[in-house]
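I opened a new page for this one.

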Amino acid sequence: MTAHTLSVLVENKPGVLAHVAGLFSRRAFNISSLSVGPTADPRVSRMTIVVDGASTPVDQVHKQLEKLIRVLKVVELEQDAAVERELALIKVTVRPDLRADLLDVAAAFSATVVDLSADTLVLEAVASPGKLDTLLARLEQHGTCELVRTGLIAIGRGSETITDDMPGHQPMAAVAG
Amino acid sequence: MQVTGAQALVRSLESLGVDVVFGLPGGAILPAYDPLRSSTIQHILVRHEQGAGHAAEGYAWATGRVGVCIVTSGPGATNLVTALADAYMDSVPMVAITGQVSTAMIGTDAFQESDTTGITAPVTKHNELVTSPERIPAAIAEAFHIATTGRPGPVLVDLPKDVLQAEFTWSWPPVLDLPGYRIPGEPDQEMIAEAARMLHRASRPVLYVGGGVIKSGSHEALMELAEITQAPVTTTLMARGAFPDTHPLALGMPGMHGTFAAVAALQEADLVVALGARFDDRVTGRLADFASKAKVVHADIDPAEIGKNRSPDVAIVGDLAATLPRLTEAVRDLVADAGPTDTAAWVEQTAGWKRSYPLRYTQASDGPLKPQHVVERLSALTGGDAIIVAGVGQHQMHVAQHFAFTKPRSWINSGGLGTMGFAVPAAMGAQVGRPNDLVVAIDGDGCFQMTAQELATCALLGLPVKFLIFNNGFLGMVRQWQELFYEERYSEVHLGTEIPDYVKLAEAYGCVGLRCEQASDVDAVLEKALAVTDVPTVVDFRTHDAEGVFPMVPAGHANDDIVLGPEFTAAEQQAAARKEVIA
Ligand SMILES: Cc1ncc(C[n+]2csc(CCOP(=O)(O)OP(=O)(O)O)c2C)c(N)n1
Ligand SMILES: [Mg+2]
């Protein structure tokens with residue numbers, strides 16, 4: 001899969017997520033993850049969308065998103081020019097004979113134990129999606145019994161920001177009566 | 001001044017210059033109907049909400065202004081969905097007002113609740129559920145702004161009952177708050193210059209004209225471009241009338257049922273200039289084989305259309321009203337510096353194709369009545385001076401092919417969605433918008449029965465629309481596909497010609513009802529219909545049931561596989577496959 005990461009600033013208004021999600025189903029765009037959260041400006045939310053470039057024309061995704069009235073800006077983040085992270089919570093079975101190995105693996109991936117029961121523990125891991133996949137593969141032999149991932153979030157490296165050169169969240173001119 | 005949300009809605013519509021709305025009331029929208037009584041706005045009471053939607057579309061097609069419809073929540077809104085989808089596909093400027101259950105009830109499965117913004121999101125340019133009365137003036141003004149600017153389209157405003165009832169302090173004009181709405185700016189002059197150079201150099205150019213030319217009001221600019229470049233012009237189903245069919249450079253319609261000349265010219269072109277067209281599959285046939293020898297210039301107001309289906313060599317994003325005159329100017333400069341374009345041989349070749357493989361049918365004097373004959377007689381008797389509205393099917397293609405369109409906004413149909421039932425209400429809307437023009441709907445017997453109830457609306461308004469039913473007793477277009485692609489295994493396409501009796505139906509609805517069964521009566525019946533000025537007229541034309549629409553490019557095939565049909569000999573078909581000129 002050739003993953004493309006789109007950062008999308010949207011107006012923080014009801015129905016926006018439905019419009020974006022609806023666009024993906026209507027145009028048969030395949031997305032592998034979508035995450036949404038607030039930004040420093042309470043009027044604006046930020047979505048990070050990962051598109052499978054092999055099955056979906058990324059340029060079309062970009063342009064169709066820009067056509068949505070509530071979408072303020074769409075930026076494609078190039079992998080090496082961006083920091084990409086994902087958080088996972090992983091519930092793993094603890095077998096007494098493999099306990100040491102499990103903790104070694106967690107340590108190697110800087111994953112922390114955030115919950116413990118008699119025979120399971122929950123790991124919290126923050127990493128790039130690739131590294132997270134490696135961790136999950138490694139945990140497979142211990143028996144992963146439950147997994148939740150946030151989906152990717154990403155931010156451009158360097159001093160530029162996504163809101164540079166934005167049209168600005170200024171109201172447009174009044175209509176003539 | 002204190003007003004209710006409902007009063008604000010009506011005042012907003014008045015302030016935006018709305019003079020007519022098509023609608024049907026119900027519980028949730030009731031508050032809006034009270035101030036509407038004393039408004040300057042004419043409300044036209046339809047018999048089905050789909051009719052309100054298509055009428056608004058017909059009004060918009062005919063006038064270039066926004067069509068407005070107003071319906072209640074739940075079933076009123078869901079009945080409107082087809083018309084919204086139709087308007088979205090054909091980029092028709094339309095504003096739909098829907099009632100909604102009170103905000104406190106939303107989400108409770110309240111009586112006549114539906115998730116209208118959810119249902120209509122994929123078929124509108126934008127929609128909004130308004131949750132406070134103060135928001136109404138801006139929401140309505142924004143809806144009109146969005147519907148009419150950039151690539152036009154339908155916008156829906158969903159108004160809960162309590163929002164319509166609540167009071168607030170009126171103020172106008174509102175401030176539009178659309179920070180994410182982008183309207184393409186000026187077209188790129190570099191791209192225009194490059195397109196002009198390509199047009200000046202091309203030896204086999206074709207102007208592939210879509211509905212955008214009509215929407216942007218650029219038909220005159222198109223004429224100038226065609227004349228300076230001497231490039232043949234093909235007008236899509238959405239663009240019939242953008243360029244006069246009577247002009248020597250006119251090739252007619254391209255695509256699945258296009259003329260041979262238009263289809264062949266695109267296939268053989270060395271340059272295709274797409275103007276407000278979107279490389280629809282019904283035009284391109286198998287995409288990989290479409291105009292494969294041609295470089296492509298694509299000018300469109302919607303950046304997302306660029307490269308969606310065909311990657312252009314030069315893209316010009318912007319309003320054609322700006323692009324076309326500048327492109328013409330740029331070509332004119334090149335002509336002044338380096339001499340005229342050299343397309344004479346190409347124009348002669350396309351003219352040869354027109355002569356060799358015309359649209360052909362045979363009307364025997366004692367044989368079955370051919371739909372093409374009726375269209376040609378209508379075209380002749382009106383001199384093209386009419387607004388023609390069509391349904392969807394064989395009759396639609398026969399009109400698009402055989403009527404000689406000479407003016408923009410003289411052709412109205414459902415292009416992208418292909419909505420049976422479009423014609424009757426759309427013709428009503430067109431007549432309301434252009435009361436002094438002749439409006440003629442040509443409808444299939446299948447289509448007509450889907451929205452015939454609006455005859456009542458037309459009759460009560462005294463609209464003199466002519467409804468010409470091409471009664472072939474079949475879902476003819478589907479029958480044609482079963483004939484050609486399912487070895488004549490006809491399945492559920494027979495309607496019969498006798499039920500309903502369209503003459504009696506017309507009379508029951510307060511319309512004039514006429515019938516025409518043979519070719520020799522066509523002129524007299526048409527003249528009789530055209531003479532009626534105070535009520536609608538319905539004519540039951542008993543057209544040939546086995547008539548096909550040709551030429552035809554079978555679905556999924558390359559346009560080079562165009563089939564001329566039974567009116568041509570095998571030798572002619574073979575010559576056509578070699579694209580030879582034989583006449
Ligand atoms: C609402 C709707 N349902 C089904 C179709 C599929 N369809 C396309 S053409 C056609 C036949 C139309 O029959 P009629 O109105 O009699 O026109 P004809 O082709 O006979 O001229 C059908 C069923 C459609 N386009 N729209
Ligand atoms: Mg029929």
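I count a contact when heavy atoms lie within 4.5 Å. With that rule I looked up B:Val389, leaving out residues up to four places away in sequence, and its contacts include B:Ile412, B:Phe422, B:Ala423 and B:Val439.

Housekeeping: this is a predicted model, where local features need pLDDT of at least 70, side-chain atom pairs count only at pLDDT 80 or more, and totals for chains, interfaces and linings use all residues. Residues are numbered from 1 along each chain as its sequence is written, chains are lettered from A and ligands numbered from 1 in the order written, and side-chain values use heavy atoms, with hydrogens and water left out.

**Cores**

I take a nonpolar core as a set of buried Ala, Val, Leu, Ile, Met, Phe, Trp, Tyr and Cys residues joined through side-chain atoms within 4.5 Å. Buried is under 20% relative accessible area, exposed over 50%, partly exposed in between (1.4 Å probe, protein chains only). The largest core has 51 residues, and B:Val389 is among those touching the most other members, as are B:Phe22 and B:Phe448. Where does this core lie? Domain 1 (2-169) and domain 3 (371-542) of chain B both give residues to it, so it lies between them; the domain bounds come from an automatic or database assignment. Apart from it I found another core of 39 residues, among them B:Ala6 and B:Tyr181.

**Rings**

Rings of Phe, Tyr and Trp (its six-membered ring) pair if their centres lie within 6.5 Å; planes under 30 degrees apart are stacked, over 60 edge-to-face, the rest tilted. That gives 15 aromatic pairs over all chains. B:Tyr208 and B:Phe290 have ring centres 6.4 Å apart and planes at 70°, so I noted the pair as edge-to-face. B:Tyr208 is buried at 1% relative accessible area, and B:Phe290 is buried at 1%. B:Trp346 and B:Trp353 are also edge-to-face, at 5.8 Å and 90°. Both belong to a cluster linked by ring pairs, together with B:Phe260, B:Tyr357 and B:Phe568.

**A charge over a ring**

My rule here is NZ of Lys or CZ of Arg within 6 Å of the ring centre and within 35 degrees of the ring normal. The charged end of B:Arg360 sits over B:Phe568, 4.0 Å from the ring centre. B:Lys215 lies over the face of B:Trp61, at 5.6 Å.

**A helix**

Last, I checked α6(B), residues 136-148; helices (H or I, at least four residues) and strands (E, at least two) are DSSP runs, numbered from the N terminus. In α6(B), 12 of the 13 residues are buried, including B:Glu142 and B:His145.

How values were computed: The expected span of a helix is 1.5 Å times one less than its number of residues.
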